Amino acid sequence: MNLLKILIGNKIWGLVFIVFLFSNKWSLGQVSVFMNNYTPIEIKGEIPEEYMKGILADAQIEIDVSDKALLNKDDEFITTTSFSIKEMFVSGNIYFNDTLSAYVQKVAKTVLLPNGLDQEIRVFVGRQPYPSANIWMDGTLIINVGLLALLENESQLAFVIAHEATHYVKKHPYEQYANSNELDAIQKRTLENLKSRINFSNQQELEADRKAIDMVRRAGYQPKEGVKVIDFLKAKRNTQVEFEEIPSLGLPVSTRFKCEENEYKYFKALYNEKIPYQKKTENLDIRYHNLTSQTMALGLGELNIFSQEEFDYIQAISGFEEVENAFRDANFYRSIYLSLKLLKSYPENSWLNCKLAENLFYIAQYSEMGNIDRLLVDFQKIEEEDYAALYCMFSKMQTEDIWFTAYGYIQKQFEKFGDKNETIGFLYPRLREISYGMEDAKSYYNTYLENFPGGKYNVYVKRKLNE
Amino acid sequence: MRRLTLLTGFLFLTYSIFGQANTGFQGKRFILKTDLMAPLVDKGVDISTEYVIFRTVVVGAGFNFTGRDYKQKLESYKFRYGSYPEEKATLKDFQVYAVAKLFLNNAIPAPQGSYAFAQIHLGRADIKGNYYQVDNVNPENESLLSYSSENIRSRKFTAGFGYQEVLLNFITLDFDFGLTLGALNASEKFTINRQDFNFVHGGFGDRYGPNVYSFGEWGLNQGGIGLTVNLRVGILLF
Amino acid sequence: MNKKRYFILLLLASLFLSSCRGILRIDQTKMMGRKGNNVKRIVCLNPDYEVLISTKDQTQKSYQKSASKESTFNKMLDRNARKNGIQLQIIDNEDLNKHDASFFNDLAPLKQELLQVSYLQNFDNVRNNTSKFRLGKVIGKHEQGPLISPRFSYLADIYGTPFFSINGIATHKKPKKGKLLLLLTIPPVGIASFFFQDVDTYYYTIIADVRSAEIIYREVRQVNLRATEANLNSLLYDSFHIISK
């Protein structure tokens, strides 16, 4: 939760930039290795020295800004940055020793080395299922899986890295922090002040875009791809998962819950009202036009310096990790939404189907408790129509309908993957226990123990059987 | 002394019954205290013990000796000489007392935090004072006579609020204030010039009881009503 | 006694009464403390110490003050747990070394799960039974606690105990209100109030039994006292005393 707050740019941690907010742009490529199964990333090996720096939070920040008026905030800024970074690293929401990190660091080195920044900037991949990246004044750059899953090639990733690196070089996090605090202290909530804050931030973004093009070119990548990244931001949100597809996943009486367009638009508006949304779409237009004109006359570079296949592989992993991380955040709606999108490319992926089943189970459980409203913990603005529609649909369903839906889907997955996937192997007996009692579930629990002798649920299951 | 022994015995008994079930301060429930206001205001000593018997209830017992001097507001003397006499009355008091405290903050167990309390003192007092003998026929015969009275029954009742803080994990600092009613028993006789009287002479009865400020007398000059403030320092023993 | 005297007494009394705010809310499962469920060993996941300072305009976390108190807080937790016969294994981020990568697979997600579940579920939502309310103290005993994911049950074997906890202190310093009124009514107290801040101290603990995949104990207490060592010791001892019973 704290990390989420950091990432959405809470005033206290005002140094964070959310650069890429959202897009429903989704390339539906397939990576054959994931057609049948996926194993989520587990952290292994020794913690790298670079990561340990984050844990120990000894942020080495040098501030040399020309505006002397800001200098009195140095200590406060360094302390706040240092501890915020520490909080983020120990939360377990940053990957290390994994495929994603290795790849992103490889591309980052390609971009940063020719620009002389490879020693100063440390790049990590964050678990957040949102398309955002942020950089800190000690040179820590976090790119979230949500963003990796959105991009199409190395050049786009290179643009993101270069854009963030410019924020670092130009000390934008510090300036933003100092200025936003100044405004708070003055407490003049006048229109002029608000305007100056938005404009200031937009100027920083434009500057970062401009410099990023040079950096990307110098590294040998295709600068025009940066325009596409901005395009994702301003793209209209398309419904990609049509509602009619949901019944095929086992929602038996879907027409009863189908929401009319105006209904889910109402939900969307209702929820979005509560979210402070700082970015302005019109600013994105300016960025888009500026970038287009700046890159128009530029020559072509490499779309991928390594390979498109490798990027597709990374993008696919990011997509699966997004599903897993949204689930870990108890953000079951988003996890289902992302699963449904991925299922288009990987319909037979056992892990994906079972994760969807698990999400349904938890939604049903929360509905039973009467806490279903609390599940919408998504701090990002709901921009996707289909995501809003999904939320709208579950809001209309009664608890027994959700249980019924979950039961049908879980049973179907259990029949297919019960002996292969540990989650579904455990979930089905649990569901039977809830529905028919322990006596009925016993044999299924025993089957789970036989199929997965070293399973994570073993202690729980054995206790159940001994009760 | 018998009362003190009985009270202490009672408290040890309650301690053994209820003590284990309650936390106190880190398991310590027995506090030995002295009141700093006693030597400062009352020229005496005040020693007490307290036990945490329930999570928010403390009971205690103690004794005090006081030897306070009172200005004697003899109106007839003032009428004659224009001011009250220089001589002061001395009241030596020995009392035992029992106190019960209800700690008001449930989130932090007794003996820390704010509390409401009720305290009752019972004892015996010796008084040495003056009495101005009026003679309206022969004013030259008027004189300031001394008198004494021993072993008269004294009582006090105080109710109020307090706050106790623990310092360094073993020292307690306890501040309380309350409304006190004092009573010197009128049925106890004392003698002046072989004459028996059954009220307190000397014009200070209205100040007996409260230790910092008396609002006035209640009853026939046998005790005062007013504000009592105590500042007790204690040690958490076990 | 005239009206002025009554007024002084009333004012003094209200001053004291206003200084004794405090809330203690405990929710626990009925199974807790029963045979086989005695909490004798707890793995404590990185205790938190937060110092929040409010000015008239904003509230900010003082990271420096927070960090400086953490190690002392850990020691206090350990000492008070031991005094109540509970063995506390504190997993502190500061002690992580390069061989502790598994922390990020096991304990960091568990802590996140406990915080999430505490936010998303109430004890009351599961199956409520008896709740007693008395002078700011509520103790609720429930059939079942908020449910966490059973995927953490294997940690019971690794750590030798099924009990995992989150413990934390938050102190909130606020500017004192009503200074001017005090200054006008009781000048000495009014002057003193300019030198003191209004402080609220919060202590919370959440204990989960990963074997049964539920939160078995949740305690939140708020006192308007400074977080002195003595005050914290008192809170912590009391908390562990209740847990150990």
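1. A:E324 and A:R328 form a salt bridge, with their closest N and O atoms 3.5 Å apart. The term means a side-chain nitrogen of Lys or Arg within 4 Å of a carboxyl oxygen of Asp or Glu. The two residues are about one helical turn apart because they sit four residues from each other in helix α13 of chain A. Helices (H or I, at least four residues) and strands (E, at least two) are DSSP runs, numbered from the N terminus. Over all chains, the whole structure has 33 salt bridges.

2. Basis of the values. The model is predicted, so local features need pLDDT of at least 70 and side-chain atom pairs count only at pLDDT 80 or more, while totals for chains, interfaces and linings use all residues. Residues are numbered from 1 along each chain as its sequence is written, chains are lettered from A and ligands numbered from 1 in the order written, and side-chain values use heavy atoms, without hydrogens and water.

3. The interface of chain A and chain C. Chain A brings 50 residues to the contact and chain C brings 41; contact means heavy atoms within 4.5 Å. The two chains bury about 4,200 Å² between them, 54% of it on carbon and sulfur atoms. Buried area is the accessible area (1.4 Å probe) lost when two parts are put together, summed over both.

4. Which pairings cross this interface? There are zero salt bridges between chain A and chain C. Polar contact is found for 10 residue pairs, both residues at pLDDT 80 or more. A polar contact is a pair of N or O atoms within 3.5 Å; within protein, one must be able to donate a hydrogen and the other to accept it, and residues adjacent in sequence count only if both atoms are side-chain atoms.

5. The chain A side. Elements giving two or more residues to the side that touches chain C include α2 (49-56), α7 (172-186) and α18 (422-436) of chain A. The largest share, nine residues, comes from α3(A). By class, this side has 25 nonpolar, 12 polar and 13 charged residues. Ala, Val, Leu, Ile, Met, Phe, Trp, Tyr, Cys and Pro count as nonpolar, Asp, Glu, Lys and Arg as charged, and the others, Gly among them, as polar.

6. Cavities. The count is 10 cavities of 30 Å³ or more. A cavity is a set of points on a 1 Å grid over the protein atoms alone where a 1.4 Å probe fits but cannot get out; lining residues have an atom within 4 Å of a point. Points are joined across faces, edges and corners, and a volume is the space filled by probe spheres set on them.

7. The largest cavity holds about 160 Å³. It has 18 lining residues, and those closest to its centre are B:N64, B:H121, B:K156, B:T228 and B:N230. The lining divides into three nonpolar, 10 polar and five charged residues.

8. The second largest cavity holds about 110 Å³. Of its 14 lining residues, the closest to its centre are A:A330, A:F332, A:Y362, A:Y366 and C:E113. α3(C) gives the most to the lining, with four residues. The classes are eight nonpolar, three polar and three charged.

9. Backbone points in chain B. A cis peptide bond joins B:A110 and B:P111, with omega about 15 degrees. B:P111 is in the loop between β4 (88-103) and β5. B:Q26 is not a glycine, yet has a positive phi of about 50 degrees. B:Q26 is in the loop between α1 (2-18) and β1 (30-35).

Note on methods: 1 Å grid on protein atoms, 1.4 Å probe; cavity = no way out; pocket = protein on both sides within 12 Å on 5 of 7 lines; lining within 4 Å.
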